[in-house]
Amino acid sequence: MAGRSGFAQFFSRDKVKTFKPKKKFEQGTLKFNLHKQANASLSSGIDLKEVTFKPKKRFDPGSLKYNLHKQANASLNSGIDLREVVKLPSNEDLNDWLAVHVVDFFNRINLLYGTICEYCTEETCTTMSGGPRYEYQWCDTDSVKYKKPTALPAPKYISLLMDWVESQINDENIFPVKVGVPFPKNYLQVVKKLLTRLYRVFVHVYIHHFDTLVALGAEAHVNTCYKHFYYFVVEYNLVDKKELEPLREMTEKMCL
Ligand SMILES: [Zn+2]
């Protein structure tokens, strides 16, 4: 393969770390195909073989590295218009389209946080903040410990957040796996909550760990990931404006 990106070089030097195990789609399912379609359009211009998703194999460091490389390349080669790729392809179901993106964004943000998580400790980040004006408190009414909003160090908050997102994604009552099984009535509401919470990881990482991203050579990759996420949530109105506020200035420079 000609020309390795800085990102790939970095990850060939160091062990690839992911924060939580990756969520996979079952091969042969509608969602797997949609996922591939979504990714193929993201990476268009690249050999399609490169964007093949590897289902079933869990937590294979080789494939994670491979995915990072693929994504880095996608961003570096981007002749693609991220504003366009988020649009629903004709003949596709919006709910399915939302589902594959939730999972893909979970995986990407998981990877993104994995790259900096050793720099995000209870000592460096005593609260889950996005600058001095925003602080998030964890609340999960289904949990025992966090029935009320609770201030936590950022790594603890993000760990709980990613576990929670993963459990929602794996809940077949919310994200039905079988074709023909309907999505629940509150589906859109759940998707909004999932993406709103995932967005907070971007907020924290950008505001508190941007220098590390730059030092790791991950900045371009993360920016592309962010733009894709941003265009997606705006296209379908999935995250409230006030939640986007902490990164508004950056977003205006980057995305508008
Ligand atoms: Zn941190």
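## Overall architecture

Which pattern does the chain follow when read along the sequence? In this predicted model, the order is α-α-α-α-α-β-β-α-α-α-α-α. The chain holds 10 helices and 2 strands.

Of its 256 residues, 35% count as buried. Among contacts with a separation of 6 or more, 79% join residues 24 or more positions apart. The sections below take helix pairs in turn, along with some local detail.

## Helix α5 against α8

Helix α5 covers residues 94-116 and helix α8 covers residues 219-235. Their axes come within 11 Å and cross at roughly 150 degrees. Angles over 145 degrees count as roughly antiparallel, and α5 and α8 are therefore roughly antiparallel to each other. Their crossing is left-handed.

On the α5 side the contact is made by His101, Phe105, Arg108 and Leu112, and on the α8 side by Val222, Cys225, Phe229 and Phe232. By class, this contact has 6 nonpolar, 1 polar and 1 charged residues. An α-helix has 3.6 residues a turn, so residues three or four places apart point the same way.

## Helix α5 against α6

Helix α5 also meets helix α6, which spans residues 154-169. The two axes come within 11 Å and cross at roughly 155 degrees. With that angle, α5 and α6 are therefore roughly antiparallel to each other. The crossing of α5 with α6 is left-handed.

From α5, the contact uses Val102, Val103, Phe106, Asn110 and Tyr113. From α6, the residues are Ile158, Met162, Val165, Glu166 and Ile169. Sorted by class, the α5 and α6 contact has 8 nonpolar, 1 polar and 1 charged residues.

Helix α8 has 17 residues. From first C-alpha to last, α8 reaches 24 Å, close to the 24 Å expected at 1.5 Å a residue. Just after α8, Asn237 takes a positive phi of about 50 degrees.

Which residues of α8 are buried? They are His221, Val222, Thr224, Cys225, Tyr226, His228, Phe229, Tyr230, Phe232 and Val233. Val222, Cys225, Phe229 and Phe232 belong to the contact with α5, while Tyr230 takes part in the contact with α10.

## Helix α8 against α10

Helix α10 runs over residues 248-255, and its axis comes within 11 Å of the axis of α8. The two axes cross at roughly 95 degrees. Angles from 65 to 115 degrees count as roughly perpendicular, and α8 and α10 are therefore roughly perpendicular to each other.

In this contact, Asn223, Lys227, Tyr230 and Tyr231 of α8 meet Thr251, Met254 and Cys255 of α10. The residues divide into 4 nonpolar, 2 polar and 1 charged.

Is Glu84 buried or exposed? Glu84 has 10 C-beta neighbours inside 10 Å and therefore counts as exposed, the cut-off being 12 or fewer. Glu84 lies in helix α4, which covers residues 82-85.

Glu84 and Glu235 are 151 residues apart in sequence. In space, their C-alpha atoms are 9.8 Å apart.

Terms used: Residues numbered from 1 in each chain as written. Predicted model: local features only at pLDDT ≥ 70, side-chain atom pairs only at ≥ 80, totals over all residues. Axes fitted to C-alpha atoms, helices over the stretch in contact; angles between N-to-C directions. Helix = DSSP H or I, 4+ residues; strand = E, 2+ residues; numbered from the N terminus. Parallel < 35°, antiparallel > 145°, perpendicular 65-115°, else oblique. Left-handed = near helix turned anticlockwise from the far one by under 90°. Contact = placed C-beta atoms within 7 Å. Nonpolar A, V, L, I, M, F, W, Y, C, P; charged D, E, K, R; others polar. Buried ≥ 20, exposed ≤ 12 C-beta atoms within 10 Å, placed from the backbone. Expected span 1.5 Å × (residues − 1).
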